[in-house]
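Here is a short briefing to read alongside the model. Have the sequence and the structure open, and let's walk through a few spots together.

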Amino acid sequence: MEMFRIVANNCLNNEVMVKLHPRSPDDFVEDYKISECSMAKNLKVPWEVFMDNCSFKNNIWITVSSTALCTYKTAFCNHLEDIPMVFLYKIVYKDKMDFREDDEFFEKFQSRYPGSVFLPKTVEEFQEIYAKLVTKMSQRQ
């Protein structure tokens with residue numbers, strides 16, 4: 001939740017939308033609602049269904065390590081823009097688990113989409129990346 005609070009508190013009045021994993025317990029919503037955010041409707045619908053049925057413009061997508069986000073760049077050729085994606089697993093899993101397999105996948109994904117896939121290693125690096133992305137997004141509006 002620390003990473004989410006950074007997002008919610010530094011969004012420069014942009015809307016923060018939360019799409020929980022379909023298997024997330026219902027009480028997860030309460031933790032998010034402490035901050036200013038909106039919850040995606042149909043919480044139990046997989047992210048790929050949203051991607052195929054929605055248009056996205058001027059978004060920043062942030063997750064710990066969900067490969068579902070990757071589907072947008074790799075499977076849907078009709079996407080409108082190159083949405084920046086931030087994967088936080090190096091911060092969240094630090095000292096908790098071995099994430100070498102995640103590294104292998106996400107680093108290859110990042111090399112395929114340089115400049116729009118971010119893999120911060122520290123909270124400070126995430127805050128810097130996020131601030132730049134939000135500023136850029138706010139300038140487009």
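In this predicted model, Thr71 is buried: its relative accessible area is 19%, and the cut-off for buried is under 20%. Thr71 belongs to helix H4, which covers residues 70–75. A polar atom of the Thr71 side chain lies 3.1 Å from the backbone oxygen of Ala68.

**Around Ser38**

- Ser38 sits in strand S2, residues 38–39.
- With a relative accessibility of 26%, Ser38 counts as partly exposed.
- Leaving aside residues up to four places away in sequence, Ser38 touches Glu15, Val16, Met17 and Val18.
- With Glu15 there is also a polar contact, side chain to side chain, at 3.1 Å from Ser38.
- Phe4 is 34 residues from Ser38 along the chain, and their C-alpha atoms are separated by 13 Å.

**The sheet and its helix**

- Three strands form an open sheet in the order S3-S4-S5, and the pairing is parallel.
- Strands S3 (61–63) and S5 (117–118) stand at the edges; each has a single partner strand, so one side of each has no neighbour in the sheet.
- Between S3 and S4 (residues 85–87), the parallel pairing runs over three bridges.
- Within this pairing, look for Trp61, which stands opposite Met85 in S4.
- Helix H7 (residues 123–140) packs on the sheet and touches S3, S4 and S5.
- The direction of H7 makes about 170 degrees with that of S4.

Note on methods: Residues are numbered from 1 along each chain as its sequence is written. This is a predicted model: local features need pLDDT of at least 70, side-chain atom pairs count only at pLDDT 80 or more; totals for chains, interfaces and linings use all residues. Side-chain values use heavy atoms; hydrogens and water are left out. Helices (H or I, at least four residues) and strands (E, at least two) are DSSP runs, numbered from the N terminus. Buried means under 20% relative accessible area, exposed over 50%, partly exposed in between (1.4 Å probe, protein chains only). Contact means heavy atoms within 4.5 Å. A polar contact is a pair of N or O atoms within 3.5 Å; within protein, one must be able to donate a hydrogen and the other to accept it, and residues adjacent in sequence count only if both atoms are side-chain atoms. Two strands pair if DSSP finds at least two bridges between them. Axes are lines fitted to C-alpha atoms, for helices over the stretch in contact, and angles run from 0 to 180 degrees between N-to-C directions.
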